Amino acid sequence: MRFLFRIIFWLTVVVLLLPNGGLQTNSSTIVSASDTISAAKATLADARSFCGRQPEACAIGSHTAVAIGHRAQAGAKMIYDYLSEHLGTEDDVARPGKPMAQPSLRASRDTLAPADLAPPWRGPRPRKEAHLDRP
């Protein structure tokens with residue numbers, strides 16, 4: 001249910017930000033921000049009590065949302081498999097029963113330059129006379 005409200009909210013924001021295409025609006029059609037907020041609050045209050053008034057519709061909507069989620073997940077898996085098959089290398093594709101190659105271990109061997117292997121520079125050691133000036 002929360003997902004549905006988020007979708008409705010963002011679609012409303014997108015529609016409000018779209019240009020009007022040069023259409024002229026009458027002064028009677030302009031809505032103030034406070035009227036919009038109070039209408040949104042009333043809509044939310046009504047939507048919260050919807051499942052209490054219509055339990056069958058709420059249950060069917062829940063089942064529909066789950067079915068759409070499963071279809072979206074299956075579609076995403078199909079797209080992932082297709083892209084892995086056509087764009088990935090043979091080592092990158094995970095096969096059932098075959099462990100996934102670890103590119104971080106394989107690709108990181110012998111990549112250091114000789115300058116990276118040199119010990120870090122250390123400044124000169126402080127002289128002992130500097131410590132003798134303490135009272």
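Modeller: This is a predicted model. Let us start with C51: its relative accessible area is 29%.

Biologist: What makes C51 partly exposed?

Modeller: Buried needs under 20% and exposed needs over 50%. C51 has 29%, so C51 falls in between and is partly exposed.

Biologist: How do you know that a disulfide joins C51 to C58?

Modeller: The S to S distance is 1.8 Å. The cut-off is 2.5 Å, so the pair C51 and C58 counts as a disulfide. The count comes to one disulfide.

Biologist: Why is the contact of R53 and D46 called a salt bridge?

Modeller: Their side chains meet at 2.6 Å, N to O. The limit is 4 Å, so R53 and D46 qualify. R53 is partly exposed at 44%, and D46 is partly exposed at 41%.

Biologist: How many salt bridges does a search of the whole structure find?

Modeller: Two. D81 and K77 also meet in a salt bridge, at 2.9 Å, N to O. Both lie in helix α4 (residues 55-87), four residues apart, about one turn of the helix.

Biologist: Why is K77 called exposed, and D81 partly exposed?

Modeller: K77 has 52%, over the 50% cut-off, so K77 is exposed. D81 has 35%, between 20% and 50%, so D81 is partly exposed.

Biologist: What is the secondary structure of the chain?

Modeller: Seven helices and zero strands. Of the 135 residues, 2% count as buried.

Biologist: Which residues form a nonpolar patch on the surface?

Modeller: M1, L4, I8 and F50, with about 370 Å² of accessible area together. M1 lies in the segment before α1 (2-17).

Definitions and conventions. Residues are numbered from 1 along each chain as its sequence is written. This is a predicted model: local features need pLDDT of at least 70, side-chain atom pairs count only at pLDDT 80 or more; totals for chains, interfaces and linings use all residues. Side-chain values use heavy atoms; hydrogens and water are left out. Buried means under 20% relative accessible area, exposed over 50%, partly exposed in between (1.4 Å probe, protein chains only). Helices (H or I, at least four residues) and strands (E, at least two) are DSSP runs, numbered from the N terminus. Patches are made of residues with over 30% relative accessible area and no salt bridge: like charges are joined within 9 Å, nonpolar side chains (Val, Leu, Ile, Met, Phe, Trp, Tyr) within 5 Å. Accessible areas come from the Shrake-Rupley method with a 1.4 Å probe; for residues, only the protein chains shown count as cover.
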